[in-house]
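Here is a short tour to read alongside your model. Keep the viewer open and follow along.

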Amino acid sequence: MGKVDDERAFFSEAWTEPPQTSQKKAVAAEKPHYHGHRDRLRERFVAGGADALPDYELLELLLFRLIPRVDTKPIAKALIGRFGSLAEVLGAPASLLEEVNGIGPAAATDLKVIAATAQRMARGEVRGREVLSNWTQLLDYCRSAMAFETREQFRILFLDKKNGLIADEVQQTGTVDHTPVYPREVVKRALELSASAIILVHNHPSGDPTPSRADIEMTKQIIDTAKPLGIAVHDHIIIGRKGNASMKGLLLI
């Protein structure tokens, strides 16, 4: 009778895990669920490059470092949902970035640093080179620098006799739909830099790059002022979030 009671008592006791097994499970439970996702995302990037990832996943990779110990997937999706694309996220003002849940002042500033770095790289691709033969790179640079600005900017690219880029300057910053431009000031600056030609660039914060009547008239005034002084106006490019427009390509100048 005593032996049977002992066996029943043995089998009825709650089984307890060895201490080491319990500790391993506790560590596994503490490891955030998104760690495996981060590793897989990095592996996909290494294997296929940026083209293997949609915008929100590429943004996730950036946010891994900017916002540690947080699941950044919903934050990346929220940013893309708010602004539309990775380029528009990086081009957005820091104050608007901070309106997205999960983005604080530090992360917003870091995103703007990344945007500035990308612009510097794009500018490096065109500086000192024959601009007209690197038109795609020029447009990429102008787009990264201006497409997502909330106010109009009037930018001038000053070129030497070989159409190499001497300088790139923002001459005026205006309102959401207007920038004052003074043809004499444009030509004066070109003479100061000994530029043989210029390319005019400005952005439309509305997103639509279609030239306005005022844009066309202003461009013709600059051409008429520059021509007698031997300064050519190669083009006037309008940059918008929805694309770009070349006045020369549209046969407007």
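K77 lies over the face of Y56, at 5.0 Å from the ring centre; a charge sits over a ring if NZ of Lys or CZ of Arg is within 6 Å of the ring centre and within 35 degrees of the ring normal. Keep in mind that this is a predicted model, where local features need pLDDT of at least 70, side-chain atom pairs count only at pLDDT 80 or more, and totals for chains, interfaces and linings use all residues. Side-chain values use heavy atoms, with hydrogens and water left out, and residues are numbered from 1 along each chain as its sequence is written.

Next, have a look at helix α4 (residues 55-66). Helices are DSSP runs of H or I with at least four residues, strands are runs of E with at least two, and both are numbered from the N terminus. The 12 residues of α4 should span 16 Å at 1.5 Å a residue, and the end C-alpha atoms, 17 Å apart, agree with that; the expected span is 1.5 Å times one less than the number of residues. Within α4, the residues E57, L59, E60, L61, L63 and F64 are buried (buried is under 20% relative accessible area, exposed over 50%, and partly exposed in between, with a 1.4 Å probe and protein chains only).

Two loop residues other than glycine have a positive phi. R69, in the loop between α4 and α5 (73-83), has phi near 60° and is exposed, with a relative accessible area of 71%. N163 sits in the loop between β1 (153-159) and β2 (165-173); its phi is near 65°, and N163 is buried at 15%.

Now for the pockets. On a 1 Å grid over the protein atoms alone, a pocket is an open set of points where a 1.4 Å probe fits, with protein on both sides within 12 Å along at least five of seven lines; lining residues have an atom within 4 Å of a point. A volume is the space filled by probe spheres set on the points.

| Largest | about 410 Å³ | A118, Q119, A122, D140 and S144 |

Helix α8 gives the most to the lining of the largest pocket, with six residues. In the second largest pocket, the largest share of the lining, five residues, comes from helix α11 (residues 213-226).
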